[in-house]
Amino acid sequence: MNDTELLDPIEVIALFQHGKLTPLKFRWRERVYKVFRINGCWKQKDGTALYYYFSVCCDGPEVYELSFNNESQAWRMERLRHQS
């Protein structure tokens, strides 16, 4: 598996429910990806911003790492893990 750092802005459809944030779909590079599984999630503070990170799988073997910045309300594709 190889990791590629991307830091690309993305559009995300997410569910905010019972104090929990769950990404459902995202658009990256003109393609829509449906999230089939969340492998893990964690939070990290950077200054005044709190980042929520999600490791997710879609319809292929790739693993996507998404982040949500609660201060700017922006989503980003952090990295892509794929087989070489």
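Start with the whole chain, and keep in mind that this is a predicted model. Of the contacts with a separation of 6 or more, 32% are between residues 24 or more positions apart. Now switch to a cartoon view: you'll find seven strands and zero helices, in the order β-β-β-β-β-β-β along the sequence. The radius of gyration is 12 Å, close to the 12 Å that the globule rule gives for 84 residues, so the chain is as compact as a globular protein of that length. Its C-alpha atoms fill a box of roughly 35 × 25 × 25 Å along the principal axes. Colour by burial, and 36% of the 84 residues count as buried.

Next, select residues 37-46 and 49-57. These are strand 4 and strand 5, which run antiparallel and are joined by nine bridges. Which residue stands opposite Cys41 in strand 5? Click across and you land on Phe54. Then go to the turn of this hairpin: two residues sit between the strands, and Gly47 takes a positive phi near 70°.

Last stop: the largest pocket, with about 190 Å³ of space. Colour the lining by type to finish: eight residues are nonpolar, two polar and two charged.

Definitions and conventions. Residues are numbered from 1 along each chain as its sequence is written. This is a predicted model: local features need pLDDT of at least 70, side-chain atom pairs count only at pLDDT 80 or more; totals for chains, interfaces and linings use all residues. Side-chain values use heavy atoms; hydrogens and water are left out. Two strands pair if DSSP finds at least two bridges between them. Helices (H or I, at least four residues) and strands (E, at least two) are DSSP runs, numbered from the N terminus. On a 1 Å grid over the protein atoms alone, a cavity is a set of points where a 1.4 Å probe fits but cannot get out, and a pocket is an open set with protein on both sides within 12 Å along at least five of seven lines; lining residues have an atom within 4 Å of a point. Grid points are joined across faces, edges and corners, and a volume is the space filled by probe spheres set on the points. Ala, Val, Leu, Ile, Met, Phe, Trp, Tyr, Cys and Pro count as nonpolar, Asp, Glu, Lys and Arg as charged, and the others, Gly among them, as polar. The radius of gyration is taken over C-alpha atoms; the globule rule is 2.2 Å times the number of residues to the power 0.38. Buried means under 20% relative accessible area, exposed over 50%, partly exposed in between (1.4 Å probe, protein chains only). Contact means heavy atoms within 4.5 Å.
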